[in-house]
Each structure stands twice: as structure tokens, then as C-alpha cells.
Amino acid sequence: MNTDLSLKIIFMGTPDFAVPTLEMLQASRHHIQAVVTIPDKQQGRGQRFRASAVKQAAVALGLPLLQPVNLRAPEFADELKQLAPDIIVVVAFQILPEDVFSIPRLGSFNLHASLLPRYRGAAPIHWALLNGDSESGVTTFFLKRKVDTGNIILQRSLPIATEDDLHSLYAKLCAIGADLVLDTVDQISSGIVKESTQDNMLATPAPKVTAGTQTLNFEQSAEQCHNRVRAFAPSPGAFTYRNGARLKILLTHVGEASGIPGQVVEVSADSFTIACKQGSLVIRSVQPESKKPMEAAAYLRGNPLTIGDEIG
């Protein structure tokens with residue numbers, strides 16, 4: 001067994017979630033032949049072209065870059081074949097066609113931000129928080145034709161703290177995910193990988209979030225509303241409406257007051273409380289439509305509320 005074997009890697013990713021993994025692999029004994037990411041996109045009022053976080057990191061690291069418009073184009077597969085990679089590492093990227101992920105001699109694997117088979121899909125972190133889970137984690141698995149169903153290579157779990165929101169849990173999973181990918185590459189290179197199949201009976205979906213998923217429903221319990229706030233804070237944010245204008249809710253805790261769901265039941269100097277089906281939601285931070293995020297105290301100074309006002 002050769003434990004000093006360095007693998008030739010093609011890395012594929014797009015958002016900042018993938019950047020620590022790319023940086024860790026680049027600092028390892030392994031060789032990144034190329035980084036694949038999405039083409040630059042026009043964004044903002046000026047519609048300027050903006051590079052993905054992975055492209056920015058690849059450029060900073062001096063790594064060769066590929067930005068295919070079509071992953072199914074034969075020219076893209078031919079380019080990868082010419083590089084003859086040992087393995088493809090995928091972190092937060094598009095679905096790969098089989099004629100691409102089957103190119104490397106040692107296979108292609110993905111890092112997923114959940115403890116598979118739980119939360120197969122595009123938004124595993126959001127759904128773990130939405131469901132009020134007490135545990136999350138990361139998984140590496142070999143790619144198969146059906147998305148997120150491949151054999152598991154390694155997993156690592158962590159507790160979800162009661163104060164965690166999307167931002168904090170994302171950062172934690174990002175960090176342990178980078179470690180897990182490097183451990184996975186090292187195991188593959190040393191030939192000691194022990195794959196395990198996923199139990200499809202235990203699979204749960206984590207579909208892409210929509211505006212409907214982000215909308216608060218005060219007919220639910222206060223705990224469910226609080227979890228919805230955590231699942232989208234600080235961005236894109238869970239939201240409700242006041243006088244027809246969207247109001248993002250960014251920081252809450254569960255209260256004990258009761259009342260008609262959707263009605264304001266308490267107002268203080270630094271918070272306001274909305275009744276839910278069971279319990280109430282104490283609002284500490286908001287973002288009114290077309291405004292910056294602000295503490296509830298600042299919001300109340302410009303937008304007074306009284307008990308009995310309706311929200312939603």
C-alpha cells in the first residue's frame with residue numbers, strides 16, 4: 001500500500017461553501033489539475049459580470065480554470081479526458097452527466113451538507129433548521145446517475161445549537177466539510193475506502209426553497225415559526241407582511257404570550273410579540289422592504305405598533 005500517493009484532482013464548485021475545501025486541497029500533497037465553475041453572471045443594477053466565489057479563489061491560488069456553458073457538451077468531456085484525472089471532487093455544483101463523472105479512474109465524489117440519506121436535495125441546511133433538528137453533518141459519497149444516492153464514503157456529524165441559524169450552521173458545516181473531503185481523498189489515495197450503501201427507506205427530501213417556504217405562518221406553533229426564521233437568517237430571510245409591505249424577520253425567540261394568531265400581543269422598547277397557534281414569537285430584529293436590517297427597537301421608533309395590530 002502506498003500511503004504517499006498524490007492524486008490528480010479536478011475540483012468542481014461554485015459558492016463560498018466550496019472555497020475552504022478548495023484551499024485545503026491546494027495546500028495538501030494532492031495536485032489540482034483544474035477548477036471547474038459556472039460562467040460569470042451579470043448581477044446588480046449595473047448588470048456587471050461577477051465571478052463565482054470558487055473562481056475568485058482559483059484565480060487567487062493560480063489554478064487553471066474551466067467555465068463550461070454546457071456540461072453535456074462533448075468538448076467539455078474531451079477536455080477532462082485529456083487531463084486524465086485520478087478523481088473529480090464536487091462541492092456545491094451542478095448535476096454532472098454520467099459521461100463526465102465516470103471519466104476519472106478512481107471515480108467522482110460529492111460533499112453533501114447533511115447526514116445522508118437525510119435531506120437529499122438542494123437545500124439540506126435549510127431543511128434541518130426548519131425541522132428543528134438537533135444534529136446535522138456532512139457526507140462524502142461517490143456519484144451515481146440518480147442524484148444524492150451514491151455509496152457513502154465518510155460522514156461527520158455535529159450538534160445544532162439552539163442559537164444556530166443558517167449563517168452559523170453553514171459556516172460550521174463548511175469547515176468540517178473541508179476536513180472530510182481531504183480525509184476522503186487521502187483514503188481513496190491509500191486504497192482503504194469502505195463504501196456503504198444508503199438506506200432509501202430512511203431518505204428524506206430537501207427541495208430548493210421558494211418564497212412560500214420562507215413565508216411565516218402564524219397558524220403554526222411559535223417553535224415552528226422560530227425555526228423558519230433560523231432556517232433563512234440572515235439571508236434570504238423568512239418574512240411576513242405588514243400593511244401589504246414585506247417584512248423580513250431576522251432574529252426571534254419563542255415567547256409564552258397567547259392570543260389570536262397574527263396579532264401583536266406585546267410591545268416593549270426593544271421587541272414586539274406576535275401570537276402563534278401555540279405560544280408567541282418575540283421579534284428582535286427585522287428588515288423592512290427596501291431597507292437595511294435593523295433592531296426591533298429602531299423599527300418600532302419609525303413604525304409604532306400597538307397591541308391588536310395584525311401582521312401577516
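Thr204 is partly exposed, at a relative accessible area of 23%. The model is predicted. Thr204 sits in the loop between α6 (166–190) and α7 (211–214). Beyond its neighbours within four places in sequence, Thr204 touches Pro117, Arg118, Tyr119 and Arg120. Pro117 is 87 residues away along the chain, yet the C-alpha atoms of Thr204 and Pro117 are 6.7 Å apart.

Now turn to charge. Side chains of opposite charge can pair when their charged atoms come close. The structure has eight salt bridges.

Lys55 counts as buried because its relative accessibility, 16%, is under 20%. Asp40 is partly exposed at 28%.

Arg156 and Asp183 form another salt bridge, at 2.7 Å from N to O. Arg156 belongs to strand β9 (residues 152–159) and Asp183 to helix α6, so the pair ties together parts 27 residues apart in sequence. Arg156 is partly exposed at 30%. Asp183 is partly exposed at 31%.

Asp270 and Arg284 also meet in a salt bridge, at 3.5 Å from N to O. Asp270 lies in the loop between β12 (264–267) and β13 (272–275), and Arg284 in strand β14 (residues 280–288), so this bridge ties together parts 14 residues apart in sequence. Asp270 is partly exposed at 38%, and Arg284 is partly exposed at 29%.

Key: Residues numbered from 1 in each chain as written. Predicted model: local features only at pLDDT ≥ 70, side-chain atom pairs only at ≥ 80, totals over all residues. Heavy atoms only, no water. Helix = DSSP H or I, 4+ residues; strand = E, 2+ residues; numbered from the N terminus. Buried < 20%, exposed > 50% of the residue type's maximum accessible area, 1.4 Å probe, protein only. Contact = heavy atoms within 4.5 Å. Salt bridge = Lys/Arg side-chain N within 4 Å of Asp/Glu carboxyl O.
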